[in-house]
Amino acid sequence: MKDCASCVMRRVSRRVVRAVFAAAVIAGCGSTWADVPDAYIETTGSQYLITDFCADPTTKVEADMTITTATTATRQQRFFGADSDQTSWPFSFSVYQNGEDKFGSAAKDGVGNWGNSGYLLSNVKNKRILLTLDAWNGGAATYLLSVVDRADGNVLKSWTTTTTRTQTSSRPLGIACNNRTDSPLQLAYMKIYSVKIWKKDQLVRCYVPYWNEDKSVIGLKDLFTGNVVENSGSGTLDCGGELASDSSVYLPEGWPEGYRWNSTAGRVELRVSVALKG
């Protein structure tokens, strides 16, 4: 009976923490490194998801994630990526495991000049991290890639690479894959807690784990459009943790102009302005 009571107390405690976290975000108190929410979907080298967003020089992507497998057999796995026709290659945008088992990256026109961080994936395997690729980087000549410890916010690695960035990927961003015109490939092994996309400094997509009661639908829900992106690969996505009762806990401080949080719909929506007659 004690064990049951203990489980109940843990569930209540998690809900209290979630409620406090949500209130802090809504009040504009900034981000916190509390490990909530903990819901995730998981890919195992056969599943991937395709968004509706094409990468360009203003794109920034932040993936709250865990790398579950990193061996010589998984080299070139893409944690997220948007590429183009392999003949013309107008723009490449991705983060991956390179041939030295280190984080590699690209945010560039054409081919070549891939960034090698020198940071081994083994340093963070099975550890929850924030992996960020920022092509905009404040308008600098360099793009930025960083790895942050999700538990405490400590920057584990940050580096920049100089590239030419003027084009737009001809394929939308893939998650747990590299999305190319011929076929998504280089599928990843990872747990995904959220994926956020910015254009310059404005958040435009916020993908969070979603599944229905019988788990016949599992994927990532965009809190801006309400659309659920499901597996486009083979097999089925795994999922775990507890879905947040208030999805606004996923959203960072600050709202895109003209948007508000709709707690009933569980997503961000455009504000409706009504002109009053004088």
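# Reading a predicted fold: strands, core and rings

Me: Is Phe103 buried or exposed, and what is its relative accessible area?
Reply: Phe103 is buried, with a relative accessible area of 0%. Buried means under 20% relative accessible area, exposed over 50%, and partly exposed in between (1.4 Å probe, protein chains only). The model is predicted; local features need pLDDT of at least 70 and side-chain atom pairs pLDDT 80 or more, while totals for chains, interfaces and linings use all residues. Residues are numbered from 1 along each chain as its sequence is written, and side-chain values use heavy atoms, with hydrogens and water left out.

Me: With which residue does Phe103 form an aromatic pair, and how is the pair described?
Reply: A pair of aromatic rings is described by the distance of the centres and the angle of the planes. Rings of Phe, Tyr and Trp (its six-membered ring) pair if their centres lie within 6.5 Å; planes under 30 degrees apart count as stacked, over 60 as edge-to-face and the rest as tilted. The structure holds five aromatic pairs. In one of them, Phe103 and Tyr119 are stacked, 6.3 Å centre to centre with 15° between the planes. Phe103 lies in strand S6 and Tyr119 in strand S7, so the pair ties together parts that are 16 residues apart in sequence. Tyr119 counts as buried at 14% relative accessibility.

Me: What kind of pair do Phe224 and Tyr259 form?
Reply: Phe224 and Tyr259 are edge-to-face, with 5.6 Å from centre to centre and 75° between the planes. This pair links distant parts of the chain: Phe224 is in the loop between strand S14 (218-222) and strand S15 (228-230), and Tyr259 is in strand S17 (residues 259-262), 35 residues apart. Phe224 counts as buried at 8% relative accessibility, whereas Tyr259 is partly exposed at 25%.

Me: In what order do the six strands of the open sheet stand?
Reply: Strands (E, at least two residues) are DSSP runs, numbered from the N terminus, and two of them pair if DSSP finds at least two bridges between them. Here the order of the six strands is S2-S11-S4-S5-S6-S7, with antiparallel pairing. Strand S2 (49-54) and strand S7 (115-120) stand at the edges, each with a single partner strand, so one side of each has no neighbour in the sheet. Within this sheet, S5 and strand S6 (residues 102-108) run antiparallel and are joined by six bridges; Ser94 stands opposite Ala106 in S6.

Me: Where is Phe93, and which residues does it touch?
Reply: Phe93 is found in strand S5 (residues 92-97) and is buried, with a relative accessible area of 0%. Contact means heavy atoms within 4.5 Å. Leaving out residues up to four places away in sequence, Phe93 touches, among others, Ala55, Val61, Phe80, Ala106, Leu133 and Leu173. The C-alpha atoms of Phe93 and Phe80 are 8.2 Å apart, although 13 residues separate them along the chain.

Me: Which residues have the most contacts inside the largest nonpolar core?
Reply: A nonpolar core is a set of buried Ala, Val, Leu, Ile, Met, Phe, Trp, Tyr and Cys residues joined through side-chain atoms within 4.5 Å. The largest one has 56 residues, and Phe79, Phe80, Phe93, Phe103 and Leu131 have the most contacts inside it. Strand S13 (residues 202-211) gives the most to this core, with six residues.

Me: Why is strand S8 described as largely enclosed?
Reply: Seven of the seven residues of strand S8 (residues 128-134) are buried, so this strand is largely enclosed by the rest of the structure. In a regular strand the side chains alternate between the two faces of the sheet. In S8, Arg128, Leu130, Thr132 and Asp134 point one way, while Ile129, Leu131 and Leu133 point the other way. Asp134 is the bridge partner of Lys60, and Val147 in S9 is that of Leu131.

Me: Over which ring does the charged end of Lys60 sit?
Reply: A charge sits over a ring if NZ of Lys or CZ of Arg is within 6 Å of the ring centre and within 35 degrees of the ring normal. The charged end of Lys60 sits over the ring of Trp198, 4.4 Å from its centre. Lys191 lies over the face of Tyr40, at 4.6 Å from the ring centre.

Me: What is phi for Gln76 and for Lys200?
Reply: Most residues other than glycine have a negative phi. Gln76, however, has a positive phi near 80°; its place is the loop between S3 and strand S4 (78-82), and it counts as partly exposed at 29% relative accessibility. Lys200 has a positive phi near 55°, lies in the loop between strand S12 (189-199) and S13, and is partly exposed at 41%.

Key:
Helix = DSSP H or I, 4+ residues; strand = E, 2+ residues; numbered from the N terminus.
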